[in-house]
Amino acid sequence: MHLIRDVLDNQLVDRNQRKMGKVDGIVIELRPGQPPRLAYLETGATALARRLHPRLYQWIFALERRWGKCELPYRIPWAKVRDTGIDVEIDVEAEQTPALDYERWLRNHVIKHIPGGK
Amino acid sequence: MSKILEIFLGIVTSIGGFLDVGAIATSAEAGSSFGFHLLWAIVLGTICVIFLVEMSGRLAAVSQHTLADAVRERFGFNFYVFPLIAEVIVDFLVLGAEIGGVCIALQLLTGIDLRWWALPVAFAIWLLLWKGTFGLIENGISLFGLVTLAFVVAIFKLRPDLPALTQSLLPSLPHQDTPHYLFIAVSILGALISPYLFYFYSSGAVEDKWDKSYLGVNRAVASLGMGFGSIVSIGVLIVAAQVLQPRGITVDSYEQAALMLTQPFGYWGFILFAVSLGIACFGAALEVTLDTAYIVAQALGWNWGENLHPREAARFSSIYTVFVFSATVLILIGLDPLQLTLFSMALTAVILPTVIVPFLVLMNDRKYVGDHKNGWISNGVVVFTTILAFVLAIVAIPLEIFGG
């Protein structure tokens, strides 16, 4: 497997194929005297902003801390990854994760109140 | 549904959906200012667009990725962020122009000032997206678009000079006013090779659940649909050249363009023009709005799909809701729809390279298209279009200043 080609920036789906963001970052753990270990996948605005520019990252981080919900990117342990074919499939229930915080908030506070949105 | 029926429907909707505010404005301006001379630009743009649309459909059918998905995956977010932001900005201006086109049509029909129409039109677009399905948007609205075939009927009534027509299929330089001529040529190409078409078409292929068995349908719809569709654009140019140019009318506003069908059809020609303009722009406005929601949602991995209930794709539906209403601001503050159209078409030309270059890589990458890679002809066309896109991107803004 080629981490950058087959995993980074791919679509993340949960065990029911529900879309839950993209792989915005990959965390590798360095251990003294042992080979590096693939630890987490990250998803969320802060992870994405960090890749673009450090200052953008600081802004997004500050915004998220003030008004937002997930100031730290949502980290998925590599052990939860089931498949890295077309999409990266994760063994979780998307609705129960912070990855869909904003989706849930919009659904319950905005979309639901527009006629036809229930 | 049988494949033949799908091909037929695809072609009909491509013809009905071909015209938009940009194609009408640039073709009418070209015909009224330079006669048949700029026909070659429509033909050239159509050839490029046929190849690129076929590729976006093939990419989606084989790899199950939309163009936006594939570009982010293959090139990384740090690249994709540029075409993404550029496309959202251009979509915003184009959407403003399309809404403006519908408002002008309603003003022509009712006499009520176009600014009063902006919000009702945006509401109608939003309501269709909110309640409708992809099939309704794609097929229903484009069927009404067949009214634009009035421009093709008009050619037969006007009997243009055939030798002059065929001669103008080859590029030539005019005797005077070269910057304006080149500016219109760039705008025509910008209006035809519009990036939103590729993102939209590949998203549509995924919405319609295309797989490898649809490659034939895709090829037929892309080539015949776009090919026949361009005849409507050619119709607008020829009618403008036959009716407006001899009278010395250049298209400075849509009201002047509205006269072009009155010679072949009399009073009803005026109505036909307004209805064609309104429906063509309304259909395009729906597509541009949806396209923006598609590319943002796909860039960030959100749930997306016009067939989903808004509650299943809350962020996706919020994007188009906010987008369609904010684009009306461009009309409400009193920007002239025709100027807005020409400006956004030139800007489209500027962002074109960032959208076209990825085709060259994606369509030759086995990981995405497997055995259905580009042949040398398709690659040749992409390379040519890329060079063309770079040239257009560089000359568009200077020409806008000197020739627009």
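Q: Is helix 3 of chain A mostly buried or in the open?
A: Burial is judged by counting neighbours: a residue is buried if 20 or more other C-beta atoms lie within 10 Å of its own. In this predicted model, one of the 14 residues of helix 3 of chain A is buried, so the helix lies largely in the open. Helix 3 covers residues 54–67, and its end C-alpha atoms are 20 Å apart, which agrees with the 20 Å it should span at 1.5 Å a residue.

Q: What does the rest of chain A contain?
A: Chain A has four helices and seven strands. Read from the N terminus, their order is α-β-β-β-β-α-α-β-β-β-α. The C-alpha trace spans about 60 × 35 × 20 Å along its principal axes. Of the 118 residues of chain A, 31% count as buried. Among contacts in chain A between residues at least 6 apart in sequence, 47% join residues at least 24 apart.

Q: Where is Lys112(A) found, and which residues does it touch?
A: Lys112(A) belongs to the segment that follows helix 4 (101–109) of chain A. Leaving out residues up to four places away in sequence, Lys112(A) touches Arg107(A), Gly117(A), Lys118(A) and, in chain B, Arg311(B). There are 13 other C-beta atoms within 10 Å of Lys112(A), so this residue counts as partly exposed. The C-alpha atom of Lys112(A) is 46 Å from that of Pro36(A), a residue 76 places away along the chain.

Q: How many residues of chain B are in contact with chain A, and which helices supply them?
A: A contact between chains can be described by listing the residues on each side. Here 20 residues of chain B are in contact with 22 residues of chain A. On the chain B side, helix 4 (67–75), helix 5 (77–110), helix 6 (118–131) and helix 16 (314–332) each supply at least two residues. Helix 16 of chain B gives the largest share, four residues. By class, the side of chain B that touches chain A has seven nonpolar, seven polar and six charged residues.

Q: Is helix 15 of chain B enclosed or in the open?
A: The count of buried residues is again the guide. In helix 15 of chain B, 29 of the 34 residues are buried, so this helix is largely enclosed by the rest of the structure. Helix 15 runs over residues 267–300 and reaches 51 Å from its first C-alpha to its last, close to the expected 50 Å. Just after helix 15, Gly301(B) takes a positive phi of about 80 degrees.

Q: At what angle do helix 11 and helix 15 of chain B pack?
A: Helix 11 (residues 195–207) of chain B packs against helix 15 of chain B at about 75 degrees, with the axes 9 Å apart. The two helices are therefore roughly perpendicular to each other. From helix 11, Tyr196(B), Tyr199(B), Phe200(B) and Ser203(B) take part; their partners in helix 15 include Glu287(B), Asp291(B) and Tyr294(B). The residues of this contact divide into seven nonpolar, one polar and two charged.

Q: How do helix 8 and helix 12 of chain B cross?
A: The axes of helix 8 (residues 150–158) and helix 12 (residues 215–244) of chain B come within 8 Å and cross at roughly 45 degrees. That makes helix 8 oblique to helix 12. The crossing is left-handed. By class, the contact has ten nonpolar, two polar and no charged residues.

Key:
Residues are numbered from 1 along each chain as its sequence is written. Chains are lettered from A and ligands numbered from 1 in the order in which they are written. This is a predicted model: local features need pLDDT of at least 70, side-chain atom pairs count only at pLDDT 80 or more; totals for chains, interfaces and linings use all residues. A residue is buried if 20 or more other C-beta atoms lie within 10 Å of its own, exposed if 12 or fewer, and partly exposed in between; C-beta atoms are placed from the backbone. Two residues are in contact if their C-beta atoms, placed from the backbone, lie within 7 Å. The expected span of a helix is 1.5 Å times one less than its number of residues. Axes are lines fitted to C-alpha atoms, for helices over the stretch in contact, and angles run from 0 to 180 degrees between N-to-C directions. Angles under 35 degrees count as roughly parallel, over 145 as roughly antiparallel, 65 to 115 as roughly perpendicular and the rest as oblique. A crossing is left-handed if the near helix is turned anticlockwise from the far one by less than a right angle, and right-handed if clockwise. Ala, Val, Leu, Ile, Met, Phe, Trp, Tyr, Cys and Pro count as nonpolar, Asp, Glu, Lys and Arg as charged, and the others, Gly among them, as polar.
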